[in-house]
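I opened this notebook to keep track of what I looked up, entry by entry.

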Amino acid sequence: MKYVLLALLMATPALADEYRATGDLGLIVERATGSLVVVDQSDRAAIGRIEGLGDLSHASLVYSPDERYAYVFGRDGGLSKVDILSREIVARVLQAGNSIGGAISDDGTLVAVSNYEPGGVRVFDAKTLEMVADIPTASKTIGLVDAPGRRFVFTLWDKGETWIADMKGAEPAITKVTGMGTNPYDALLAGDGRTYITGLFGEDGLTALDLWDETPEPIRVLPGYGRGEEELPVYKMPHLEGWAEAAGEFVLPAVGHHEVLWIDASDFTETGRTQTHGQPVFAMARPDGRQVWVNFAHPLNDTVQVIDRMTHEVIHEMKPGPAVLHMEFTPRGHEVWISVRDENRVDIYDTETFEKLGEVAAESPSGIFFTARAHRTGL
Amino acid sequence: MRSLLALAILGLALPAAAMEATDAARLERLVAQDCGSCHGLTLKGGLGSPLTPEVLADAEPEGLASIILDGVPGTAMPPWRPLLTEEEALWIARYLKDPSQ
């Protein structure tokens, strides 16, 4: 024992060099190989890889409040907790047959997963990944987000309902909001945790909820949107994310049209439309809200356009390469990382000059997630 | 668009059985990546229904090809006719039923 202690003491100076903060780290999903690349945002470099995470197509992840652990939601129902410092999987459960995203509670103690098969949401202890609640819905669930007050909010694709699960007590207390519309395909929560918006596939427009209301009622947004105009076939469902708010306006991808929609965040009236290169998949506001970056559905997915918040006009267009799947801003927005799936790399651009600053190799990269997400509601 | 048209013409000129290896690779990729965005990369389902050989065991390739080309109205399944030829759709239908072929 004494020798072990001595060895430990001798090792201490070396350990000092190994202290590593995680504030500028991130993870890139390698969708086909079931792995994650650990990246250093300041160095614009990959620093490691975590493997063995199952089917990561359409995978997403959230971070623990200390930014050391990530909870990875795989398509195959796998929920994995990874340590980004030791680059190990520290816990993993196969919690369902087919999943689509998840969320972590505001206090960091609960992780919820949205499931297609069986439909519903399951909630796990963030430390152990032991299941603490099962919320069956008899429907595919989408648009799962964390809301303030230890709550999760999610929406039922087949039933057009949004459920608010309050997790403060021993059992989840569920508030069901009906009449959200036909086939809601995704949802977002604004950064203040107040406004939840679902996009509708089965009808025109969107539906908003005011979560500050004791009994939230569906608020129809742009109900006549797109009517009378011919819809294009939709080869890829758009995504809605909490990055969609740009200085008092929401900017949202239109379904089946080559445009993004601008909506006044205070009264949900339309403030404009911007014609785009193709059908938008992500329309993401730079953290300061000044710019919105848009990528597109197959077969126009080699292009990214940048829209100015002030004029609603496209101010820049670039073609990073085939299959641009995701974009992630550095926390203050000076750079953006863009995954180019079919080129097996992630490109890094300056958001002011649009100059390419670097690239990181990754196998079929999709989602990019920086640890600063740990401190944002609804991501 | 012009290149798509060229591909379409090229596709029409080829009998299904003689699909070039490069075309087969391209279509396999399209199935995994683009069909996969709704049906799952492994085709076990997602927002769209599962498309595994077991699920499709009783389906006729011609029927599947027509769903691929014309979509399913009232659902999220879009028509792929603007992007695929009839031969390519039939190739995909057969490939879904038997990926080893």
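This is a predicted model: local features need pLDDT of at least 70, side-chain atom pairs count only at pLDDT 80 or more; totals for chains, interfaces and linings use all residues.

The entries below follow the order in which I looked things up.

I began with helix H3 (residues 61-70) of chain B and helix H4 (residues 86-97) of chain B, which pack at an angle of about 120° with their axes 8 Å apart. Since angles of 65 to 115 degrees count as roughly perpendicular and those over 145 as roughly antiparallel, H3(B) and H4(B) are therefore oblique to each other. I recorded the crossing of H3(B) and H4(B) as right-handed. On the H3(B) side I listed B:Pro61, B:Glu62, B:Leu64, B:Ala65, B:Ile68 and B:Leu69, and these meet B:Glu86, B:Ala89, B:Leu90, B:Ile92, B:Ala93, B:Arg94 and B:Lys97 in H4(B). Sorted by class, the residues of this contact of H3(B) with H4(B) come to 9 nonpolar, no polar and 4 charged.

I then turned to the packing of H2(B) with H4(B), where I found an angle of about 65° and axes 11 Å apart. That angle makes H2(B) roughly perpendicular to H4(B), and the crossing of H2(B) and H4(B) is right-handed. The contact joins B:Ala24, B:Arg26, B:Leu27, B:Glu28, B:Leu30 and B:Val31 of H2(B) to B:Glu88, B:Trp91, B:Ile92, B:Tyr95 and B:Leu96 of H4(B). I counted the classes in the contact of H2(B) with H4(B) as 8 nonpolar, no polar and 3 charged residues.

What volume does the second largest pocket have? I found about 500 Å³ of space in the second largest pocket. It is lined by 28 residues, of which B:His39, B:Ser49, B:Leu51, B:Ile67 and B:Met77 are the closest to its centre. Helix H2 (21-39), H3 and H4 of chain B are the elements that give two or more residues to this lining, and the largest share, 6 residues, comes from H2(B). By class, I wrote down 21 nonpolar, 5 polar and 2 charged residues for the lining of the second largest pocket.

How many cavities of 30 Å³ or more does the structure hold? I found 3 cavities of that volume, and I looked up the second largest cavity, in which about 50 Å³ of space lies. Its lining consists of A:Val62, A:Tyr63, A:Ile104, A:Asp146, A:Arg373, A:Ala374, A:Arg376 and A:Leu379, which divide into 5 nonpolar, no polar and 3 charged residues.

I checked the peptide bond from A:Glu117 to A:Pro118 and found it cis, with omega near -10°; A:Pro118 lies in the loop between strand S9 (110-117) and strand S10 (120-125) of chain A. The peptide bond from A:His298 to A:Pro299 is also cis, with omega near 5°, and A:Pro299 has its place in the loop between strand S25 (291-296) and strand S26 (304-308) of chain A. Finally, I noted that A:Arg44, a residue other than glycine, has a positive phi, near 50°, and that A:Arg44 lies in the loop between strand S2 (35-40) and strand S3 (45-50) of chain A.

Definitions and conventions. Residues are numbered from 1 along each chain as its sequence is written. Chains are lettered from A and ligands numbered from 1 in the order in which they are written. Side-chain values use heavy atoms; hydrogens and water are left out. Axes are lines fitted to C-alpha atoms, for helices over the stretch in contact, and angles run from 0 to 180 degrees between N-to-C directions. Helices (H or I, at least four residues) and strands (E, at least two) are DSSP runs, numbered from the N terminus. Angles under 35 degrees count as roughly parallel, over 145 as roughly antiparallel, 65 to 115 as roughly perpendicular and the rest as oblique. A crossing is left-handed if the near helix is turned anticlockwise from the far one by less than a right angle, and right-handed if clockwise. Contact means heavy atoms within 4.5 Å. Ala, Val, Leu, Ile, Met, Phe, Trp, Tyr, Cys and Pro count as nonpolar, Asp, Glu, Lys and Arg as charged, and the others, Gly among them, as polar. On a 1 Å grid over the protein atoms alone, a cavity is a set of points where a 1.4 Å probe fits but cannot get out, and a pocket is an open set with protein on both sides within 12 Å along at least five of seven lines; lining residues have an atom within 4 Å of a point. Grid points are joined across faces, edges and corners, and a volume is the space filled by probe spheres set on the points.
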